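This report is a guide to the structure shown below.

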Amino acid sequence: MPRGLRAQLSLLIALIVLLTVLLVSALSNVLIGRQYERHVLKQEVLKAEAIADNISRQYDALSQKWDESFIHGLGMYSLYDGYIIKVADADGRLVWDAENHDMAACSQVMMDIIERMDARRPSLSGEFAAHTYELTSNGRLIGSVEVSYYGPYFLSESDLRFLDTLNAILAAVGALALAAAVLAGWVLARRVARPIVKAAKIARRIADGDYAIRFDGRTKTREADELADALNHLADALDRQERLRRRLVTDIAHELRTPVSAISSHLEIMLEGVWEPTTERLQSVYDEIGRLGVLVSDLGRLAQAEGENFRLQKSDADLLALARSVADGLETEAQKKNIALVVKGATSVLSADKDRIGQVVANLISNAIKYTPEGGQVRVSVRDSAEAGVISVEDNGIGLQEAELPLVFERFYRTDVSRNRKTGGVGIGLTIAKSIVTAHGGTVTAESEFGKGSNFTVRLPK
Ligand code: ADP
């Protein structure tokens with residue numbers, strides 16, 4: 001069972017942040033801790049040296065006496081700091097000794113430190129060690145001081161409080177970042193997931209045949225907007241196809257009804273013996289069957305042009321010569337309507353399937369004749385360039401409305417005008433033409449001014 005996008009995204013972001021927070025906390029903790037310990041270690045040595053230096057200044061060389069009360073103060077002060085000192089003069093006689101002075105306080109301080117360090121830094125396994133410093137005055141040895149402190153280093157209460165506070169801050173920042181990440185992940189996932197869920201619902205409705213549905217409104221994500229546009233486009237296309245399909249069924253039924261009913265009523269009357277089956281009557285039945293044949297073959301050609309096995313048989317073809325020969329074949333049709341059919345232009349040779357391009361040109365010219373009233377004009381012109389050959393068929397007939405221009409290439413599309421006039425086929429001539437031109441890598445476009453005429457242009461690349 002795949003998990004939802006929202007859950008996955010939130011979980012992933014939370015996980016990444018958790019890992020980052022843990023890593024940053026651990027690293028900073030270790031780094032800051034180590035740096036701090038190094039600092040403490042240095043401080044300790046400096047402090048011991050400072051004590052020694054301080055004591056050496058309490059010797060009065062003239063009277064050869066120590067300022068014992070000062071040394072006492074310093075000793076007690078240092079003791080509570082964790083430094084136990086013992087001062088002796090140059091002859092080794094004891095001047096001041098913390099342990100002698102306050103044994104209980106000394107062992108209390110030592111125990112406190114050992115306990116604290118054992119609890120907080122058990123791996124350190126430190127101990128108290130004595131460090132002896134010589135005391136000098138004006139270059140003369142005046143005694144020595146033994147400073148005992150816990151090594152390699154020790155942390156005072158305030159040091160520990162500082163480190164604890166640091167850790168607490170890191171933990172709080174981490175928890176805050178984690179909460180923010182979960183929230184951000186949730187919001188982001190919602191933003192991404194919502195349009196996807198909506199799109200899926202709409203796609204399902206489209207699949208169920210609801211082509212009127214659309215993805216309304218914009219999302220805040222570009223890709224989601226593209227998905228919405230694609231869905232709307234899909235629904236549009238399906239809607240159009242569905243309408244065309246319905247119209248196709250109506251059209252085919254309509255096209256079939258007239259010849260079929262004529263044939264059946266004629267045959268019925270003849271079978272009942274009311275009519276003699278004369279040659280003329282049989283001929284009219286035969287003509288109707290011929291019309292049915294044209295319709296069926298039109299449908300067949302469309303299926304072929306749109307089918308998968310559509311193969312072009314290319315050879316060098318001259319568009320101008322091709323246009324001339326197609327126009328010759330349609331001359332009688334043009335003459336019937338007293339239409340002037342002219343072909344002009346330049347030679348343009350390119351690699352194309354002559355039969356199929358001939359079919360395209362024939363369709364365009366016969367449409368032009370069909371949709372141009374008596375006495376009109378149809379001009380076919382061929383232009384040549386380095387990259388392409390262009391052939392256009394222009395008439396001064398009924399024309400097309402602007403909105404119909406892109407539709408005339410659709411399967412079974414016929415304008416209302418042509419439908420009412422009951423001229424022409426079923427509206428697949430231009431569809432086939434477009435398939436053929438597209439297979440050649442070319443384009444076919446229509447321009448028109450309603451009531452004034454149309455111009456269909458085919459551009460074939462060389
Ligand atoms: P048909 O077989 O009905 O002619 P086409 O696919 O060739 O089908 O054309 C589709 C529709 O485009 C026609 O029914 C007609 O309404 C319109 N049409 C095509 N050519 C022209 C033209 N030269 N002038 C006006 N309308 C045209």
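Strands β5 and β6 run antiparallel and are joined by 11 bridges. Within this pairing, E127 stands opposite G151 in β6.

## The five-stranded sheet

Another open sheet has 5 strands, in the order β8-β10-β11-β13-β12, and its pairing is mixed. Here β8 (340–345) and β12 (443–449) stand at the edges with a single partner strand each, so one side of each has no neighbour in the sheet. The twist averages 15° from one strand to the next. As a general point, strands of a sheet pair through backbone hydrogen bonds, and they do so either parallel or antiparallel.

Strand β11 (residues 388–395) pairs with strand β13 (residues 453–461) in the antiparallel sense, over 7 bridges. In this pair, G389 stands opposite L460 in β13. Helix α8 (residues 319–336) packs on the sheet and touches β8, β10 (377–384), β11 and β13; the direction of α8 makes about 175° with that of β8. Helix α9 (residues 354–370) also packs on the sheet, touching β8, β10, β11 and β13, and its direction makes about 20° with that of β11.

## Two loop residues with positive phi

Which residue lies in the loop between β1 (59–60) and β2 (65–66)? The residue is Q64, which has a positive phi of about 50° although it is not a glycine. Q64 is exposed, with a relative accessible area of 54%.

The loop between β5 (127–137) and β6 (140–151) holds N138. The phi of N138 is near 50°, again a positive value in a residue other than glycine. N138 is exposed, and its relative accessible area is 81%.

E44 belongs to helix α1 (residues 5–56). This residue is buried yet has no salt bridge, and the nearest side chain of opposite charge, K47, is 8.7 Å away. Not counting residues up to four places away in sequence, E44 touches Y83, Y149, Y150, P152, Y153 and F154.

G185 is part of helix α5 (residues 157–207). With a relative accessibility of 0%, G185 counts as buried. Leaving aside neighbours within four places in sequence, G185 is in contact with S10 and I13. G185 and L94 are 91 residues apart in sequence, and their C-alpha atoms are 71 Å apart in space.

## Confidence in the model

The protein chain has a mean pLDDT of 88, and 97% of its residues reach 70 or more. Among the elements of the chain, β11 has the highest mean pLDDT (97), whereas helix α10 (residues 416–421) has the lowest (56). Where pLDDT is low, the predicted coordinates should not be read in detail.

Conventions
Residues numbered from 1 in each chain as written. Predicted model: local features only at pLDDT ≥ 70, side-chain atom pairs only at ≥ 80, totals over all residues. Heavy atoms only, no water. Pairing = 2+ DSSP bridges. Helix = DSSP H or I, 4+ residues; strand = E, 2+ residues; numbered from the N terminus. Axes fitted to C-alpha atoms, helices over the stretch in contact; angles between N-to-C directions. Contact = heavy atoms within 4.5 Å. Buried < 20%, exposed > 50% of the residue type's maximum accessible area, 1.4 Å probe, protein only. Lys, Arg positive; Asp, Glu negative; His and termini not counted. Salt bridge = Lys/Arg side-chain N within 4 Å of Asp/Glu carboxyl O. pLDDT = per-residue confidence, 0-100.
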